[in-house]
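Student: I would like to go through the strands of this model and how they pair. Please show it to me.

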Amino acid sequence: MRHIGLITTSYPDGVPGSEAAGGFVADFSAELARHVRVSVIAPATASSRTNSGTLDVIRFGVPQVPLSLLNPLNPADWPAIVMTLRSGRRVVEQLVQADSPDHLFGLWVLPSGYWAWAAGQNHGIPFSVWALGSDIWSLGRVPIARAMLRRTLKRAKRRYADGIRLSRDVERLSGLDCQFLPSTRSLPQFEASTKADTPPYNLGFLGRWHRNKGIDLLMEALDLLSDSDWSRIAEIRIHGGGPMEQELRDAVREQHEMRRPVRMGGYLDKHEAAALIDWADYLLLPSRIESIPVVFSDAVQLGTPIIATPVGDLPRLYEKYRFGTLASAANSAAFAAAIQNALAQSAAHDATRIAAAKPDFDLRTIVKQFVDDTVDNAP
């Protein structure tokens, strides 16, 4: 049986926040292990190794998880960053020497793809990478990181990206082709939907409390809603975590003082996240920068329309599927207007359109495409 080493910085660790992107990677790994033997290498709070049939998970200890909270522009984070980079490269090298995988797959380009390149080049092991927006659009603004991104992408056998626009940006950066491969995860299915066809509606937000995800835009938009708008809202639940927690707490407290039904909670595991999205009549996506968020595919699977800003691939997806409401701009006033538009209409007409989108975000199809590319068509 062929063997793939899957190297990632996102994998569930039992630590709040690791489930967000990590839940998708865990599901991808489990589905991939139905086709090939898989060794996952991922950072965690402590080193460990677990094995389940054809899926082997190797965790190496790092100072902090999730790694997305480490900022290369902040000198205080550099000791943790350097320690993480050294540990990851060492563990990947150990896997290559001990078990010689047929292919290495880096999720994401930096640092995972770089580790795959560094470990595999001396042993003749090819590698591929899957890019996220945080790779190209965030790290890509740092000159040293941009140079590393370009070199890693050029040396990869195949390049994937979890967004349509992002895949074009990878092609411009690398000068080579990049294939769109959507990120999605396996979610529990609920027996009966409780979604409302008419107001008042339940609204949900799930994601990092970070400027890129627009949590501040959401709270500013809520301030712009009228009493009439609020009469069409049953409840708003906001879940996640991140650097803007205190600002969010202050904003939620102000909503409570006005007796508005806004609830704030922490990170959710996959089942809890699915329950929130299933509960919501609309999922809120107020991002400033985005590719195709995993929660978009979650919403498709669970039949939940979205209210979103027009960033990344969301306008293209909205044009194709036509469910939910797309704001005219990525600012609080436009997002408030989008919420008002959604509150004023029946959500029932979105169900058929969402059902038509489901095949495009099916995990088994996505994994089979990767296997066909890297295993079945390998020399």
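Tutor: A crossover is right-handed if, with the strands pointing away from the viewer, the path from the first strand over the helix to the second runs clockwise. Keep in mind that this is a predicted model.

Student: Which hand does the β-α-β unit of S5, helix H3 and S6 have?

Tutor: Strand S5 covers residues 103-107 and runs parallel to S6, joined by 3 bridges. Helix H3, residues 109-120, belongs to the unit together with these two strands. The unit is right-handed.

Student: Is strand S6 largely enclosed or left open by the rest of the structure?

Tutor: Phe-127, Val-129 and Ala-131 point one way from S6, while Ser-128 and Trp-130 point the other way, and all are buried. Buried here means under 20% relative accessible area. Since 5 of the 5 residues of S6 (residues 127-131) are buried, the strand is largely enclosed.

Student: Which residue in S7 stands opposite Trp-130?

Tutor: S6 and strand S7 (residues 158-161) run parallel and are joined by 4 bridges. In S7, the residue opposite Trp-130 is Tyr-160.

Student: Which strands stand at the edges of the open sheet of 6 strands?

Tutor: The sheet has parallel pairing and the order S11-S10-S9-S12-S13-S14. Two of its strands each have a single partner strand, so one side of each is left without a neighbour in the sheet. These are S11 (262-265) and S14 (325-326).

Student: Which residue in S12 does Gly-204 stand opposite?

Tutor: Strand S9 (residues 201-208) pairs with strand S12 (residues 282-285) in the parallel sense, over 2 bridges. Opposite Gly-204 stands Leu-283.

Definitions and conventions. Residues numbered from 1 in each chain as written. Predicted model: local features only at pLDDT ≥ 70, side-chain atom pairs only at ≥ 80, totals over all residues. Heavy atoms only, no water. Pairing = 2+ DSSP bridges. Buried < 20%, exposed > 50% of the residue type's maximum accessible area, 1.4 Å probe, protein only.
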